[in-house]
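Hi,

Here is the structure I promised to pass on. Have a look at it first, and then read my notes below.

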Amino acid sequence: MIFKNNLVFLQQTKQRKVANGPTCGGIFRLAPQAEINDGLLDLCWIKKTSRFRIFRFIPKGIKGTHLNLPEVRKNSDGRLPRVLSLVISSLDKQPLPCQADGEILLSETEYRISILSEALKVLVP
């Protein structure tokens with residue numbers, strides 16, 4: 001379940017990626033249009049599909065060319081949905097597996113995700 005701007009979207013998914021930047025896991029470009037300084041989260045939702053189709057998705061996910069696949073939820077302009085914050089809930093109350101940048105987190109039935117805009121100050125030489 002996705003809450004976006006007080007709207008609720010119900011969708012079974014195979015994979016969910018909430019991104020602040022374009023890459024994850026070092027090589028995957030699952031949100032190729034994401035910008036780390038825009039204050040928005042890009043949502044890459046892969047609809048429930050067969051394992052065979054998931055294997056087809058992997059090389060495209062590495063290159064960032066997966067947005068044209070029908071399993072990827074997109075806006076009418078072809079971009080991934082973008083939000084300020086969201087809540088992901090399990091419809092059947094079963095814990096959802098989760099990881100943050102490759103680190104496995106404790107499975108929960110609900111996740112509340114948001115951005116703290118400009119919260120991290122970075123010095124660049």
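Before the notes, one term: a residue is called buried when its relative accessible area is under 20%, exposed when that value is over 50%, and partly exposed in between. Keep in mind, too, that this is a predicted model.

With that in hand, how much of the chain is buried? Of its 125 residues, 29% are buried.

Now for the layout. You'll find one helix and nine strands in the chain. If you walk along the sequence, they come in the pattern β-β-β-β-α-β-β-β-β-β. As for contacts with a separation of 6 or more, 59% of them are between residues 24 or more positions apart.

If you want to find one of the partners, go to D42, whose bridge partner in β5 is R82.

Which residues make the nonpolar surface patch of about 360 Å²? They are I27, F55, I58 and I62. I27 sits in the loop that links β3 (13-19) and β4 (41-47). Is I27 buried, exposed or partly exposed? Its relative accessibility is 48%, so I27 counts as partly exposed.

Happy browsing!

Notes. Residues numbered from 1 in each chain as written. Predicted model: local features only at pLDDT ≥ 70, side-chain atom pairs only at ≥ 80, totals over all residues. Heavy atoms only, no water. Patch = residues over 30% accessible without salt bridge, like charges linked within 9 Å, V, L, I, M, F, W, Y side chains within 5 Å. Areas by Shrake-Rupley, 256 points an atom, 1.4 Å probe, with all protein chains shown as cover. Salt bridge = Lys/Arg side-chain N within 4 Å of Asp/Glu carboxyl O. Helix = DSSP H or I, 4+ residues; strand = E, 2+ residues; numbered from the N terminus. Buried < 20%, exposed > 50% of the residue type's maximum accessible area, 1.4 Å probe, protein only. Contact = heavy atoms within 4.5 Å. Pairing = 2+ DSSP bridges.
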